[in-house]
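Hi,

Here is the model I promised to pass on. Have a look at it first, and my notes follow below.

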Amino acid sequence: MRYKTNDIPEGGLGVDVPLTEAWLGENCGDLGARLAPGGLRLRGRLEPTGDDFLLRGKLKGALEFTCVKCLEPTRLGVDVDVAVSYVEGPEEDRAKPTPPGDEDEDEGEGDFITFQDGVIDLGPEIRDEIFLAVPYSPKCEPECLGICPMCGVNRDKTPCTCEEQQNLARSPFADLAKLKKS
């Protein structure tokens with residue numbers, strides 16, 4: 001994921017970076033994700049633009065998570081356009097966003113990342129794009145019912161009446177229901 005700027009020709013360099021389970025664990029370990037079959041990869045082009053370099057590409061594939069509500073495995077597709085400029089400079093300028101009003105109207109909003117010693121590392125940008133693409137609480141479905149806190153069944157697979165019984169027990173008319181049964 002590291003490229004020497006001296007090795008990037010004037011016409012640009014094709015980038016095809018497949019992510020590995022080891023890289024994902026090391027760089028995105030707190031995400032709690034695994035690579036889905038077919039994996040995740042960045043494909044694009046790294047082009048010189050004067051003294052800077054522009055990466056344009058697509059991060060595409062899928063990740064597997066555990067649903068936060070029902071604890072079943074779920075798959076999340078990732079399809080993200082990536083466009084970032086790499087500028088040689090000191091480490092303290094790293095990932096400094098363009099101040100509002102300073103970007104050119106033709107270029108739109110954009111980010112830049114600094115690199116040092118003639119080596120561009122795509123890893124931090126890939127990591128950031130993954131974290132931005134993943135929801136805070138991944139679910140298998142938006143309407144996931146989750147696990148019943150009373151009986152422990154997955155309510156998406158097996159309906160239960162625990163909640164109804166609990167609501168009925170708290171009802172001011174619960175005593176009347178008992179009388180009706182007897």
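The largest nonpolar core has 31 residues, and Leu59, Leu63, Tyr86, Leu122 and Ile130 are those with the most contacts inside it. By nonpolar core I mean a set of buried Ala, Val, Leu, Ile, Met, Phe, Trp, Tyr and Cys residues joined through side-chain atoms within 4.5 Å. Two or more residues come from each of β2, α1 (21-27), β3, β4, β5, β6 and α2; helices (H or I, at least four residues) and strands (E, at least two) are DSSP runs, numbered from the N terminus.

A word on conventions: this is a predicted model, where local features need pLDDT of at least 70 and side-chain atom pairs count only at pLDDT 80 or more, while totals for chains, interfaces and linings use all residues. Residues are numbered from 1 along each chain as its sequence is written, and side-chain values use heavy atoms, with hydrogens and water left out.

Isoleucine 130 sits in helix α2. This residue is buried, with a relative accessible area of 0% (buried is under 20%, exposed over 50%, partly exposed in between, with a 1.4 Å probe and protein chains only). Not counting residues up to four places away in sequence, isoleucine 130 touches Leu19, Trp23, Leu24, Cys28, Leu31, Leu40, Leu59 and Leu63 (contact is heavy atoms within 4.5 Å). Its C-alpha atom is 9.6 Å from that of leucine 63, 67 residues away along the chain.

As for the sheet, its 5 strands form an open arrangement in the order β2-β3-β4-β5-β6, with mixed pairing (pairing takes at least two DSSP bridges between two strands). The edge strands are β2 (13-18) and β6 (111-115).

Best wishes
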